[in-house]
Amino acid sequence: MSKSIVLTGITTTGTPHLGNYAGAIRPAINASKDEQVRPFYFLADYHALIKCNEPARVKQSSLEIAATWLALGLDTENAVFYRQSDVPEILELTWMLTCVTAKGLMNRAHAYKAAVAENGEAEGSDPDKGITMGLFSYPVLMAADILMFNANKVPVGKDQIQHIEMARDIASRFNHIYGEHFVLPEAVLADNAATLLGLDGRKMSKSYNNTIPLFEPEKKLRKLINKIKTNSLEPGEPKDTEGCTLFGIYQAFANPHEVNAIRARYAEGIAWGEMKQVLFEKINDEIAPARERYEALLQAPEHIETQLRLGAEKARAISGPFIKQLREAVGIAPITAG
């Protein structure tokens with residue numbers, strides 16, 4: 001019985017924070033150890049070029065993110081861990097798929113529509129002002145990432161479901177024209193994935209500049225946790241856990257027994273300063289061992305590069321023969337007699 005293929009792309013435009021860890025990285029690391037599936041994880045560095053024109057930032061982010069996943073215990077024996085740009089067959093497939101993808105389908109992409117709508121708010125503005133072909137057609141590149149390895153399942157957030165649906169549409173169109181080559185992928189939505197609030201009480205996001213970087217040194221981690229916004233309730237006054245940033249983050253790191261104990265202390269009126277200390281200790285206890293490995297990896301980029309290249313070799317052992325098959329299917333093949 002063949003293993004189910006699960007594929008996850010990792011954007012390379014920033015430093016991982018606690019929200020990334022609790023919502024996506026930790027579940028994916030755990031899934032990498034599941035021998036019942038064949039997991040693929042890749043650094044989406046070509047995708048990064050769509051919204052980032054800073055070469056140093058893309059390169060540094062690739063280093064930090066690869067180091068993060070390795071430090072946290074990604075199983076590179078079971079999983080295929082590679083850099084998108086190390087698998088050139090993905091870009092070749094992107095063009096093949098582009099040639100069967102309807103422009104109307106791309107017109108309906110949420111990111112493109114949002115950009116057009118934003119332009120429309122400025123009177124007399126060109127609706128396509130500032131919109132690159134990278135932004136417009138990146139769902140095709142995402143489809144190529146998925147279809148190159150015939151992924152059965154793709155874990156995504158709600159905002160990415162449309163892209164999996166588009167990948168299915170594109171694969172179906174290609175299959176209709178050239179024969180059955182692609183599996184139709186399914187989106188896997190993690191309903192119980194943690195969504196953490198940031199320093200200001202809004203969703204933790206780099207765009208809000210309210211994040212807590214995952215591997216901050218202890219002193220900086222404590223300082224950031226102390227900056228988390230709370231209300232003015234005094235010690236001894238009962239406090240509500242609902243919508244509380246401190247409680248929400250604690251819940252993502254604690255076991256059910258610990259969560260219930262803290263919920264009781266909220267009812268008793270725990271002081272915010274004490275709760276921040278409890279939260280710091282809980283996060284630091286879990287992160288500290290990986291932080292040490294992370295710092296060591298940053299000092300040994302050659303080890304990270306070796307892991308990525310080994311992953312690329314595994315990936316290309318699949319993508320190479322498959323792209324040859326797809327070339328033949330579309331008529332791009334050596335001209336031979338007979």
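Here is a walk through the structure above, from its overall build to some single residues.

This is a predicted model, in which local features need pLDDT of at least 70, side-chain atom pairs count only at pLDDT 80 or more, and totals for chains, interfaces and linings use all residues. Residues are numbered from 1 along each chain as its sequence is written, and side-chain values use heavy atoms, with hydrogens and water left out.

Let us begin with the whole chain. Its C-alpha atoms fill a box of roughly 85 × 55 × 40 Å, taken along the principal axes. The chain holds 13 helices and five strands; these are DSSP runs (helices are H or I with at least four residues, strands are E with at least two), numbered from the N terminus. Of the 338 residues, 46% count as buried. Here, buried means under 20% relative accessible area, exposed means over 50%, and partly exposed is in between (1.4 Å probe, protein chains only). Among the contacts in the chain with a separation of 6 or more, 78% join residues 24 or more positions apart, where contact means heavy atoms within 4.5 Å.

Now look at the start of the chain. UniProt, in an unreviewed entry, places a short sequence motif called the 'HIGH' region at residues 12–20. UniProt positions are given in the numbering used here, feature names are shortened, and annotations may be inferred rather than shown by experiment. The span 12–20 is 33% helix and 0% strand, and its end C-alpha atoms lie 12 Å apart.

Helix H1 covers residues 18–31, and it packs against helix H10 (residues 245–253) at an angle of about 35 degrees, with the axes 11 Å apart. Axes are lines fitted to C-alpha atoms, for helices over the stretch in contact, and angles run from 0 to 180 degrees between N-to-C directions. The crossing of H1 and H10 is left-handed, a word used if the near helix is turned anticlockwise from the far one by less than a right angle (clockwise would be right-handed). On the H1 side the contact is made by Leu18, Tyr21, Ala22 and Arg26, and on the H10 side by Ile249, Ala252 and Phe253.

Next, find aspartate 145, which the unreviewed UniProt entry annotates as "binding site". Aspartate 145 sits in helix H7 (residues 133–147) and counts as buried because its relative accessibility is 2%. Not counting residues up to four places away in sequence, aspartate 145 touches Leu7, Phe42, His47, Gln84 and Ile90.

Charged side chains come next. Side chains of opposite charge can pair when their charged atoms come close. The structure holds 11 salt bridges, each being a side-chain nitrogen of Lys or Arg within 4 Å of a carboxyl oxygen of Asp or Glu. One of them joins lysine 153 and glutamate 186, at 3.4 Å from N to O. Lysine 153 lies in strand E4 (residues 153–156) and glutamate 186 in strand E5 (residues 186–189), so this pair ties together parts that are 33 residues apart in sequence. Lysine 153 is partly exposed at 32% relative accessibility, and glutamate 186 is partly exposed at 42%.

Another salt bridge links glutamate 305 and arginine 309, with the closest N and O atoms 2.9 Å apart. The two are four residues apart in helix H13 (residues 301–330), so about one helical turn separates them. Salt bridges that share partners join Arg83, Asp86, Glu305 and Arg309 into one network.

Arginine 291, in helix H12 (residues 272–298), is a contrasting case. Leaving aside neighbours within four places in sequence, arginine 291 is in contact with Phe215, Glu216, Pro217, Glu218, Leu221 and Asn284.

Finally, turn to the backbone. Most residues other than glycine have a negative phi. Asparagine 150, in the loop between H7 and E4, has a positive phi of about 45 degrees. Asparagine 209, in the loop between E5 and helix H9 (218–226), also has a positive phi, near 55 degrees. Asparagine 150 counts as buried at 19% relative accessibility, whereas asparagine 209 is exposed at 70%.
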